[in-house]
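Me: I'd like to go through this structure and ask how we know what we say about it. Can we start with the picture?

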Protein chains: 2
Amino acid sequence: MEKKKYSIGVDFGTLSGRAVLVEIDTGKEIATAVKEYTHGVMDEYLPDGKTKLEPDWALQHPADYLEVLETTIPEVLKQSGVSADDVIGVGIDFTECTMLPIDDKGEPLCFKEELKSNPHSYVKLWKHHAAQDEANRLNQIAVERGEKFLGRYGGKISSEWMIAKIWQILNEAPEIYEAADRFMELADWIVLQLTGQEKRNSCTAGYKAIWHKREGYPSKEFFKALDPRLENVVEEKLNKNIYPLGYKAGEITEKAARLTGLKPGTSVAVGVGDAHAALPGVGITEPGKMLMIMGTSTCHMLLGTEEKIVPGMCGVVEDGMIPGYYGYEAGQSCVGDHFQWFVKNCVPASYTEEAKQKGINIHKLLREKASKLKVGESGLIALDWWNGNRSVLVDADLTGLIIGCTLLTKPEEIYRALIEATAFGTKMIIETFRHSGVPIYELYAAGGIAEKDEFMMQIYADVTNMEIKIAASAQTPALGAAMFGAVAAGKEKGGYNSIVDAAKAMGKVKDRYYKPIPENVAVYERLYREYQKLHDYFGRGENDVMKRLKEIKKEITKVKENLS
Amino acid sequence: MEKKKYSIGVDFGTLSGRAVLVEIDTGKEIATAVKEYTHGVMDEYLPDGKTKLEPDWALQHPADYLEVLETTIPEVLKQSGVSADDVIGVGIDFTECTMLPIDDKGEPLCFKEELKSNPHSYVKLWKHHAAQDEANRLNQIAVERGEKFLGRYGGKISSEWMIAKIWQILNEAPEIYEAADRFMELADWIVLQLTGQEKRNSCTAGYKAIWHKREGYPSKEFFKALDPRLENVVEEKLNKNIYPLGYKAGEITEKAARLTGLKPGTSVAVGVGDAHAALPGVGITEPGKMLMIMGTSTCHMLLGTEEKIVPGMCGVVEDGMIPGYYGYEAGQSCVGDHFQWFVKNCVPASYTEEAKQKGINIHKLLREKASKLKVGESGLIALDWWNGNRSVLVDADLTGLIIGCTLLTKPEEIYRALIEATAFGTKMIIETFRHSGVPIYELYAAGGIAEKDEFMMQIYADVTNMEIKIAASAQTPALGAAMFGAVAAGKEKGGYNSIVDAAKAMGKVKDRYYKPIPENVAVYERLYREYQKLHDYFGRGENDVMKRLKEIKKEITKVKENLS
C-alpha cells in the first residue's frame, strides 16, 4: 500500500489564522492549529500606542501572519505525527481585499523604521472603510464614462476593494504611494513569503481589483480620469500576470522551510479569497450549485458557463473560483448580525430569566419558542436590510422594516420574522440569478449557522423550496485551500491534476440534508410575494423613505456634533 | 356674603365609580370618594360562579352601581363637611355604550330570580365584543341600502354600540329580548334611579344608538332588513324622547335621598358619556378646540357649527357634547397600550436592570434615554396601528409597522418612534377634520398621559405645531358631570343657566402649557410627510399586505386549532 499523502491549507481570517492538515485521498482533516493575531485588528492606534487612527480605519500587522505560519504549520505536523516529507502541497486563503504596500524585495513598508509611524504603510484589512470618498468618486466617474466593468460588479465598486484603497493612500500619503514598489493582496503576499514568487491569483484580482481575464484591468484613461497620478498604476504598482486557482505558484524556499518546518520544494498553490476557497471544500466544481457561507453575513457563490450581467451581484469573474467557469458572487450584509442585534436590544428580561433557568442560551430559547409557530402564524413580515442591501439592490442606504405588529406580537415572532426575512433575501438573489440566465439547481451551505442552526436551515429550505446540503467540514475555506495545494502538487506527486478531481475525493457534505416541507413551502410562497412587493416598493425608488430618513438622521447628527 | 353652593358629579368607569363634590362658583374639587365595583368586570362567569361566559363577553352587575351611589355620595358629604342643603345639583357620567334590559318598573332583568342565570339579563359593558357578527351584518346591510347615517360614523357602526348589542340579545336570548320593556344606557338608568324619570340623553343616544336630532333613529325598513323582529325596536324597546346635556332630568326622590344622603328635590341633570363629559371640564364650550383624552387609547372631541362628514370619524352628533353645537368624536385605539406592549415585549434585561438600579420604573428610564435624542436622529418612523386604525381609516385589520431599523438601533429609539407615531396619528386626525371643513385652532389634553408624561406631550406639541393646554383636574369627566348638575339646578338656585357659563367659571386648565419648539416642528413636518405617504400606501388599498398577512394568520391559526 502506498504511503498516505497530505496537504496543508492555511486560512487567514479577521482575528486569527489556522492551518489544517488534510489527507489527500479522502479529504479527512487530521489536525488543526489556530494562532490569534498578536496585534488583532488595529482600529484605534498603531502598534506604537501613540499614533491615533481615524474612524473607519482597520489595519493589521503583517508580522502577525508570519507568526501564523511559524506556529500553526509545525503544530499540525506535530499533532498529527505526519512527516513533512509526506506533505506534498500547501494552499493559502485570505480575507479579501486585504492589501499592503511592499518594497521591491517584497518587504512590507511598515517594517521600515522610517515608515512604521505612517498608518498607510500597514495592511489595510478588508473591513477598512476609510476609502469611501474615493469609492464614491470612482463610481461616479465610472458611470459618467460608461465603464462596462461596472455591470460585472452590480453597478458599484466597493470602498473595501483594491483601487479605492490604493487611491486613499495616494491622496493621504503620497510618499507611501511613491515608496511602494507594489500593492499586493495578502493571499499573494503569503505565497510570496513561502515561494519567493509573486504570482497574482485570478480570484482576488477579479473580485477585488476589477481585473478581467479578457479585458484586463480598467484602461489608463479611466485611471487618469480618477487622478492623473494614477494613469499608470497598473504598470507601476500592480501585477498584470494573473494565474488561475490551483496553479502552482512555486515551491517552499529554504527560508520558508526554516520558518514552517515544511520541506523545501513542497508545492504551493496561488492564493485564493477565503470565501471562494469554500466552494471546492463542499465538492462544488460545476454550474448550478449555489453555496451560501452563512455567518454574521452571507456570501453566495455559484458557477456559470457564460458571463451574464446579473443585477446587483457582487462580482462575476472568469476563473474566479474554479478554472474554466465564471464564478458569480452575491451577498447579504446582515444575517447572524441581525439576530445578535435582536438579542441585545429587543429581548425582554423575562426571557433572559427563562433561558437562565433552563440553562440554555437566549438564541436557543428563542428558537425553541419560534419553532413552535406555524409558518404565517405571526402575521409578520420583515425586510432584511438592517445593514443595507448588498445584492440585488446594492444599496447601503436601505434600512430594516417590520410590518404586521399587533398588541399580541411576541418576541419569538419577531425573531422568526427576521430569520425568514434573510431567507426571503436569499430567495430574491436566487430568483435574480435565474431570471438573468444563470441557472441554480441545488443549494449548499457552510459556516457557523449552516452547521448549528437546524431551525434556520429548515426555514431556508422551505422558503427557497430547495434541498440544502451542509458542508461536512467546520473549516471549509482551509479545506478548499488544502485542495488547491493538492492540485498544485499534481497527480504525479500524489495530488490531483485538477480541482474537479480533488473536489470529488476531498469535498464533502453531511449525510443529513434539509428537504422542503410542502405545506410550509405553500405558505412561504404567499409570504414571499409580499416580501417581493415591499422589496420593490422600498428598494427600487417608488418610495425612498428609507433614504430620506437617513438623510434627516445625517443632518441631525451633524448639527448635534457641531453643538457639542 | 352668600353661602357657597356645591354640585356632585358621579363618574362611572370600567372598574369603579367616583363621586366628586365641587364648589360651584370656582369649580374647585372639595372631596372625592371612590368605590370599586363588587363584581368588577365579569368576563368568565356570572356571579353564581357556575354560568360560564363565551369569549369576548364583558358584563357588569347593576347592583354595583347602586353601591357606588350609596357609599361615595355620603362619603364626599362627610369628608367635606358640606351640608346636603347646599348641594344643588347632581350630574352622572358613565362609560358608553354600557346597556341593560329592564322591566316596566326600571328594574334590571338580572335582579329577577328566574332570569339571573341568563347572561343576557346583565349589563353589557362598553367593551363587550361578542356582538361582532351582528355589527358586521348591520354594516353590510347599511352599505347595501346606502344608509346615510353611516357617513356620520366614519362608515362603520361598532360592535360595542347599542343596536349590535340589542340584536345579539334577540339572536341568542329572544326570551330576554321579549321580557325587556326597555334597553337603557346606564348613564340614563342611574338618572332614573335618582329621579324616577327616564330621560334619554342626546350624547349616548347620538354616539352609540345612531340617533339623529333631525332624522331620529334609523328607519323601520332598515331595522326590518336586519331582522323582521327588529322592525319596531325603537317604539318597543327604546325611548324616542331625547334631551340635551345639562337638561334637568328631575329631582332626587325620597327613595334616592335615603340612598345617597342628598336632599329630596335636588336637581339632577340628564346623563352623559364619560369621555364627552370631559369637554366642559377643561372649559371647552365652543368650536375649534380639540380635546384629547389620553390613556390606553385616545379619544378626540371637538365642536363644530355645521354637520360635516369627516372621513373616518367615530361620530358627529348635534347636541352630543354641548347643546347648540355638533360634537365630533375621533379616536386612536392604541396609545398607552402601545408603550405597555413595548415594555413587556421589547425591552432588554440590561435596561430592566438599569431601571432597578436607578430606582425608577422602566417607562421613566426609556423616556430619559429617548428625551436625549434629537428629532429625526433615530432614522425611524412607525405606523401606530398595533391595534388597528380607529380614525381616519376605521380599519381594525391594519397592523403596526416600523421602518428605518439598523444594527445600531436602540430600544429608546423604537420607544420614541412609537410615541411619535401616535402623535402623527393625531395630526392625521386633525388634518382630516380641517380638510373636511371643521376647523381646529387649539389643543387640550386630559387623562393619565396628559397629566404625567411631559416628554410625550412636548412631542405632541411639536408634531402638531399647536400649543397644548392640560386639564387642571385629574377627574375631568366627574367635574364635567358636576357642571351639568349645576346647569340642571339653574342660576336661580345658585347654579348656572348654561354649560357655557358653567364652563367659564368651573372648567380649568393648568397654567403651564406646551409650546411647539420651532426647530423640532420643522423636522417633524418632514417626518410627517413620510408618515402620511406610508399611511396612505398601506391604509388606502395600494398595498393591502397587512390584511393579507392577517388573512394568512387566520387560516393558519384555524388549521392549528383544528389539529390540536
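This is a predicted model: local features need pLDDT of at least 70, side-chain atom pairs count only at pLDDT 80 or more; totals for chains, interfaces and linings use all residues.

Me: What makes E18(B) and E19 of chain B count as paired strands?

Reply: Two strands pair if there are at least two bridges between them. E18(B) and strand E19 (residues 400-405) of chain B have three bridges, so they pass, and the pairing is antiparallel. Looking inside that pair, you'll find B:Ala382 opposite B:Ile402.

Me: Why are the E18 strands called edge strands?

Reply: The order in this open sheet of four strands is E18(A)-E19(A)-E19(B)-E18(B). Strand E18 (381-383) of chain A and strand E18 (381-383) of chain B each pair on one side only. From one strand to the next, the twist averages 10°.

Me: Which helices of chain B pack on the sheet, and what do they touch?

Reply: One is helix H15 (residues 411-435), which touches E18 and E19 of chain B; its direction makes about 55° with that of E18(B). Another is helix H20 (residues 518-539) of chain B, touching E18 and E19 of chain B plus strand E19 (400-405) of chain A. For H20, the angle with E18(B) is about 35°.

Me: How do you know that B:Phe433 is in contact with B:Met290?

Reply: Contact means heavy atoms within 4.5 Å, and that pair qualifies, so they're in contact. Others that B:Phe433 contacts include B:Leu302, B:Tyr328 and B:Ile440.

Methods
Residues are numbered from 1 along each chain as its sequence is written. Chains are lettered from A and ligands numbered from 1 in the order in which they are written. Side-chain values use heavy atoms; hydrogens and water are left out. Helices (H or I, at least four residues) and strands (E, at least two) are DSSP runs, numbered from the N terminus. Axes are lines fitted to C-alpha atoms, for helices over the stretch in contact, and angles run from 0 to 180 degrees between N-to-C directions. Lists of a residue's contacts leave out its neighbours within four places in sequence.
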